[in-house]
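Dear colleague,

Please look it over before reading on.

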Amino acid sequence: DYDMGYAREILATDRGAFMKLGGLMGFSAWRRDVPPAAYFAASIAATAAEDCGPCTQLIVTMAEHAGVSAATLHAVLRGDVGAMGEDAALGWQFAREVLAHDATAETSRQRIARLWGQRAVISLSYAVTAGRLFPTLKYALGHGIACTRVSVAGTPIAMARAA
């Protein structure tokens with residue numbers, strides 16, 4: 001149910017530009033050595049900071065398909081660190097620190113590297129970057145005007161304000 005109108009507009013305007021977008025989609029999907037809950041918590045934190053619903057919903061749906069529990073997703077969307085579980089909390093915290101340019105991101109980065117390795121750090125860094133990139137691109141192209149409620153397993157969630 002995700003509106004790809006912005007991508008169709010790019011394709012109709014310039015095939016080369018559309019091919020570049022395809023590369024960004026590959027970049028945004030790269031995930032290695034990081035638990036799904038941590039990866040999607042980071043991605044949701046970054047996406048929600050830039051988006052009023054559709055992109056965040058897409059990431060939540062992807063997380064559901066990857067097996068992240070509804071309880072974890074509810075907690076991530078509410079910003080309830082205590083209920084997220086350790087992996088999701090670390091991914092969410094890292095994303096929020098990076099978005100805020102907070103020096104404590106270095107401590108989280110080191111912990112991620114210790115737990116899961118440097119590829120996990122890269123994966124989470126890509127998730128944070130892509131989480132901001134696509135909503136920003138959509139808004140810049142005039143396609144970011146449709147706000148929607150985000151749902152987990154069909155239940156609408158009241159989201160915490162993003163970073």
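The helix that gives the most to the lining of the largest pocket is α9, with 5 residues, and in this predicted model α2 (15-29), α3 (36-50), α4 (54-65) and α9 (118-140) each supply at least two residues of that lining. The space in this pocket comes to about 400 Å³, and of the 20 residues that line the pocket, those closest to its centre are S28, L58, I59, M62 and F134. By class, the lining is made up of 15 nonpolar residues, 4 polar ones and 1 charged one.

Two of these helices, α3 and α4, also pack against each other: their axes come within 9 Å and cross at roughly 170 degrees, and because angles over 145 degrees count as roughly antiparallel, the pair is described as roughly antiparallel. On the α3 side the contact is made by F40, S43, I44, T47 and A48, and on the α4 side by C55, T56, I59, V60, M62 and A63; these comprise 8 nonpolar and 3 polar residues, with no charged residue.

The axis of α3 also comes within 10 Å of that of helix α5 (residues 70-78), and the two cross at roughly 30 degrees, which makes α3 roughly parallel to α5. The crossing is right-handed, and the contact is formed by A37, A41 and I44 of α3 with T72, L73, V76 and L77 of α5, a set of 6 nonpolar residues and 1 polar residue, again with no charged residue.

With best wishes

Key. Residues numbered from 1 in each chain as written. Predicted model: local features only at pLDDT ≥ 70, side-chain atom pairs only at ≥ 80, totals over all residues. Heavy atoms only, no water. 1 Å grid on protein atoms, 1.4 Å probe; cavity = no way out; pocket = protein on both sides within 12 Å on 5 of 7 lines; lining within 4 Å. Points joined across faces, edges and corners; volume = space filled by probe spheres on them. Helix = DSSP H or I, 4+ residues; strand = E, 2+ residues; numbered from the N terminus. Nonpolar A, V, L, I, M, F, W, Y, C, P; charged D, E, K, R; others polar. Axes fitted to C-alpha atoms, helices over the stretch in contact; angles between N-to-C directions. Parallel < 35°, antiparallel > 145°, perpendicular 65-115°, else oblique. Contact = heavy atoms within 4.5 Å. Left-handed = near helix turned anticlockwise from the far one by under 90°.
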